[in-house]
Each structure stands twice: as structure tokens, then as C-alpha cells.
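Please look over the sequence and the structure shown below before reading on.

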Amino acid sequence: METYKDSLDFLTPLVNNSISNSLPSSNTTVCQFPHVTLSFAQTLDGYISHTSKTPIKISSPPSFIMTHTLRSLHDGILVGIETILSDDPRLTLRLNGILESSPSSVKSRPIILDSRLRFPLESKCLKEYKDGRGGKPWIFTTHVGEATGRIPVLEEAGIQVNVVDGDNEGKISISAMLKVLGNQNLKKLMVEGGSRIIHSFLTSKYNDLPLTNLVIITIAPTFLGDGVKVLSSGGKHSNLPRFTNVKYHQFGPDIVMAGNIAT
Ligand SMILES: NC(=O)c1ccc[n+]([C@@H]2O[C@H](COP(=O)([O-])OP(=O)(O)OC[C@H]3O[C@@H](n4cnc5c(N)ncnc54)[C@H](OP(=O)(O)O)[C@@H]3O)[C@@H](O)[C@H]2O)c1
């Protein structure tokens, strides 16, 4: 309970202030985008996971509460398809037992970027939705080609499939995807990874403005020595941002850094 309150006190002003810092208040095109928070956990040597398909807990139990409190302040949780395939996350809000009246009654919506529609029907986030504990998963894909036949299969299974434009590299255009979310009235999006998604959200811009409004990084006091690096997209690491309005908070043994992308 104490960590939950501490998390709320730390996170609420960050989420609220970064909206007004980054987005014009007038009714311009940029206002169609949801507020985007990018959040992930890394080790001291910059790894976010093992390479094996066994998910690991990098951060501590207090940081887990912080992360789920952050989820409760957003309407959707976005991951890349490789994270679904390797970790099979539930993508739900799990603050039960921490609060008597838990915001878990609000179901978080899983959002998955999956150009080739590889999403497995046995994924836990789909099961959580069917069992009433999670929101309906939304998949974003590009021009699907051979995978077109998967769309009715996924829709039949209860998933909403959105087809949007690709970017210059054929991946899903982040701005096109955010516009669809904005038009569907999704106001606040939390992006959790993995590595390629982190890179895309750190570098994507629209009209020279960063599309990510707030970045929250949990740094755990440990090393992995090997695994998936926080940035591992083939060395194309130009245009990486610096942060401004930086704040630090300790949750258990972990340091949490929050900041806005400097323009
Ligand atoms: N520590 C943490 O906080 C944390 C959080 C989440 C995940 N992880 C770890 O991250 C690892 C997975 O990272 P990853 O880099 O392999 O995969 P990822 O970022 O989860 O997914 C990347 C895939 O998403 C699809 N995609 C579509 N549009 C994209 C776009 N605009 N930008 C980026 N990707 C796009 C691409 O696949 P298609 O071409 O098929 O569409 C791409 O290969 C796992 O080991 C997981 O454990 C760690």
C-alpha cells in the first residue's frame, strides 16, 4: 500500500505534466495522438532480458508495483510481437491485494505491433481477455500480403486487427498507428518493449516533435553479462535522444529515472 501511494505520488504529476509540456493545447493535428509513456527495466550493463525464451524478473517487487501503478494510469499497453512470442506476457493490471478497491476493475488493453500476424491464439493476453481479466487485444499490422488469411482467424478469436501504413523500413508506422488509437479515443498509451519497439518509440517523430512524451526506466542493481540489449536494432542508432526534466526515485533497490525527450 505504501509503495502504491509512493508510486502514485511520483508518477501522476509526471504523466499529467508531460502532456502539457509536449503537446500544444490547441486543436492541432498533434492533439490526435495519445499521450505515450515508454517504460522498461534494464540491468546496469544495459540488458532487458536473456536471449532464451525464459522471461526473467529484472526489477524488484516494489518496482513491479510501480509498473502496475503506471499501467493503471494508461488505457493501453503496447509490446512488439517478439515480446509476445518470447515472454507471453499477460499485459494485465495486477494491483489486487495491494488495494482494497483496486483499479484492476479497469481492464488494460493489450496492443501488439505484428506486421506478419504471427500472434499465437494461445497467448496469455488473449486468454486473460476471454476470462474477463484483461481488455480485448488490438493488433496492428501493415499490408499483410500472404498473412491476409490470418485476419478472419484472429478476429474470430476475439482480437481487433488494424491495418495501417508501413514506415520507410516496412515496419508499422508509429504515427499512423497512434492516429488510429487517437481516433478510437485511446488517450494514454504505455509502451513496454522490447528492444526494437523501444528504439522505434525513442526515435519516432511527427512534425519534428517526439511521439513519446515520457520515458520511465527502471535500473536494477545487477548485471546479466549477455542477453537482449536495450538497443539492439542492428547498429542504426543515430538520432537517439537526450532527456530533459529528469527525475529519479528509488523503489526498493532499483533506481527509476523519468524524463521527457528533449526537442
Ligand atoms: N525488461 C523489459 O522491460 C522488457 C519489456 C518488454 C520486452 N522485453 C524483452 O524484449 C525482448 C524482445 O525484444 P525484440 O527487440 O526482440 O522484439 P520486440 O521489440 O518485442 O518486437 C519487435 C517486432 O515488432 C514488430 N514491429 C512492427 N512494427 C514495428 C516498429 N515500428 N518498430 C519496432 N518493431 C516493430 C517487428 O516484427 P514484424 O516484422 O513481424 O512485425 C519487430 O521485429 C524479449 O526478450 C523480452 O523479454 C524486456
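The largest nonpolar core has 57 residues, and among these Ile112, Val191 and Phe201 touch the most other members. Such a core is a set of buried Ala, Val, Leu, Ile, Met, Phe, Trp, Tyr and Cys residues joined through C-beta atoms within 7 Å, where buried means that 20 or more other C-beta atoms, placed from the backbone, lie within 10 Å of a residue's own. The model is predicted, with local features needing pLDDT of at least 70 and side-chain atom pairs counting only at pLDDT 80 or more, while totals for chains, interfaces and linings use all residues. Residues are numbered from 1 along each chain as its sequence is written.

**Core**
- Leaving aside residues up to four places away in sequence, valine 191 touches Val36, Thr37, Leu38, Leu78, Ile197 and Phe201, a contact being two C-beta atoms, placed from the backbone, within 7 Å.

**Sheet**
- An open sheet of mixed pairing is formed by 9 strands in the order β6-β5-β4-β3-β7-β1-β10-β13-β12, where strands are DSSP runs (E, at least two residues) numbered from the N terminus and a pair needs at least two bridges found by DSSP.
- Because β6 (160-163) and β12 (243-251) stand at the edges with a single partner strand each, one side of each is left without a neighbour in the sheet.
- Strands β4 (residues 109-113) and β5 (residues 138-141) pair in the parallel sense over 3 bridges, and isoleucine 111 stands opposite tryptophan 138 in β5.

**Helix α6**
- In α6 (residues 174-183), a helix being a DSSP run of H or I with at least four residues, Ile174, Met177, Leu178 and Leu181 are buried.
- The covering of these buried residues includes β3 (76-80), β5, β7 (188-193) and α7 (195-203).

Technical notes. Buried ≥ 20, exposed ≤ 12 C-beta atoms within 10 Å, placed from the backbone.
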